[in-house]
Amino acid sequence: VQFGHLYKRSGDLVKAKGWYKRANGIQPTVEISELLDTVGDARQADNTSELRQKTLDQMDSRRFQQALPNARTLYETHGLRDFDVILGHVFRELGRYAEAKGMYEKYFERCLSSNSKHLNDAFWHLMNILEITDENQETLNLFAHLKWHYSQAGSFSDFGCAVISKSAPEG
């Protein structure tokens, strides 16, 4: 997994995916599944580290308009699926709430499908954009959808602490 991380950070997603697949073959986990989903098809992903760093620097310095084309390129052209949340942030900060909602929905579904440890984060980002756009019924639907997911998984979340299994001893 660590070699996968090194290759992912260097922008070589094809090699990163190979290492993640090896790790998944040894001991499959939710986290490795999420990492494999994040690198996606890893198409045209060579040498993205500079563009990723530039995009994140632009985000940190609140230059969202400049970050937008870079984040889109990383997500759409290079297949970096974890940039769904970055694009959501960019759109939200630019006041493009419908597009932000769409990206946060993708982030939420990605986390939901892999039972990611980032599911609560995805939930709160989507909940926040629904609050901004005053979509009360959608907010209730989202909450119900997440509670249903946790009930199917045999656990629950208090939306701020760790996910707790129903079979955990009380006390």
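Q: Helices, of at least four residues, and strands, of at least two, are DSSP runs numbered from the N terminus. With that numbering, what is the place of Asp-134?

A: This model is predicted, and the answer should be read accordingly. Asp-134 lies in the loop between helix 8 (119–132) and helix 9 (136–153). Although Asp-134 is not a glycine, its phi is positive, at about 55 degrees. The residue counts as exposed because its relative accessibility is 56% and the cut-off for that class is over 50%.

Q: How many helices and strands does the protein have, and in what order do the elements run from the N terminus on?

A: The protein has 9 helices and 2 strands. Read from the N terminus, the order is α-α-α-α-α-α-α-α-α-β-β. Of the 171 residues in the protein, 41% are buried. Among contacts with a separation of 6 or more, 52% join residues 24 or more positions apart.

Q: What pLDDT does the protein average, and which elements have the lowest and the highest mean?

A: pLDDT is the predictor's confidence in each residue, from 0 to 100. The average for the protein is 80, and 80% of the residues score at least 70. By element, the highest mean pLDDT, 95, belongs to helix 6 (residues 84–93), and the lowest, 46, to strand 2 (residues 164–165). Over residues 160–171 pLDDT stays under 50, and for this stretch the model has 13 contacts beyond four places in sequence.

Q: How are two packed helices described, and at what angle do the axes of helix 4 and helix 5 cross?

A: Two packed helices are described by the angle between their axes and by the distance between those axes. In this structure, the axes of helix 4 (residues 49–60) and helix 5 (residues 64–77) cross at roughly 150 degrees and come within 8 Å. Their crossing is left-handed. From helix 4, the contact is made by Leu-51, Arg-52, Lys-54, Thr-55, Gln-58 and Met-59; from helix 5, by Phe-64, Gln-66, Ala-67, Asn-70, Ala-71, Thr-73 and Leu-74. Sorted by class, this contact has 6 nonpolar, 5 polar and 2 charged residues.

Q: Is Gln-58 buried or exposed, and with which residues is Gln-58 in contact, leaving aside its neighbours within four places in sequence?

A: A residue is classed as buried when its relative accessible area is under 20%. Gln-58, found in helix 4, counts as buried because its relative accessibility is 5%. With neighbours within four places in sequence set aside, Gln-58 is in contact with Arg-63, Gln-66, Ala-67 and Asn-70.

Q: Is Glu-50 buried or exposed?

A: Glu-50, also placed in helix 4, is exposed, so classed because its relative accessible area is 68%. Separation can be stated in sequence and in space: Glu-50 and Arg-9 are 41 residues apart in sequence and 9.8 Å apart from C-alpha to C-alpha.

Q: Where is Arg-62 found?

A: Arg-62 is in the loop between helix 4 and helix 5. Its phi is positive, about 60 degrees, although Arg-62 is not a glycine. Arg-62 is classed as exposed because its relative accessible area is 57%.

Q: Which residues of helix 5 are buried, and against which helices do the buried residues pack?

A: The buried residues of helix 5 are Phe-64, Ala-67, Leu-68, Asn-70, Ala-71, Leu-74 and Tyr-75. These residues pack against helix 4, helix 6 and helix 7 (97–113). Helix 5 has 14 residues and reaches 19 Å from its first C-alpha to its last, close to the 20 Å expected at 1.5 Å a residue. Gly-79 follows helix 5 and has a positive phi, near 75 degrees.

Q: Is Asn-120 buried or exposed?

A: Asn-120, in helix 8, counts as buried because its relative accessibility is 15%. Asn-120 and Phe-108 are 12 residues apart in sequence and 8.7 Å apart in space, C-alpha to C-alpha.

Definitions and conventions:
Residues numbered from 1 in each chain as written. Predicted model: local features only at pLDDT ≥ 70, side-chain atom pairs only at ≥ 80, totals over all residues. Heavy atoms only, no water. Axes fitted to C-alpha atoms, helices over the stretch in contact; angles between N-to-C directions. Left-handed = near helix turned anticlockwise from the far one by under 90°. Contact = heavy atoms within 4.5 Å. Nonpolar A, V, L, I, M, F, W, Y, C, P; charged D, E, K, R; others polar. Buried < 20%, exposed > 50% of the residue type's maximum accessible area, 1.4 Å probe, protein only. Expected span 1.5 Å × (residues − 1).
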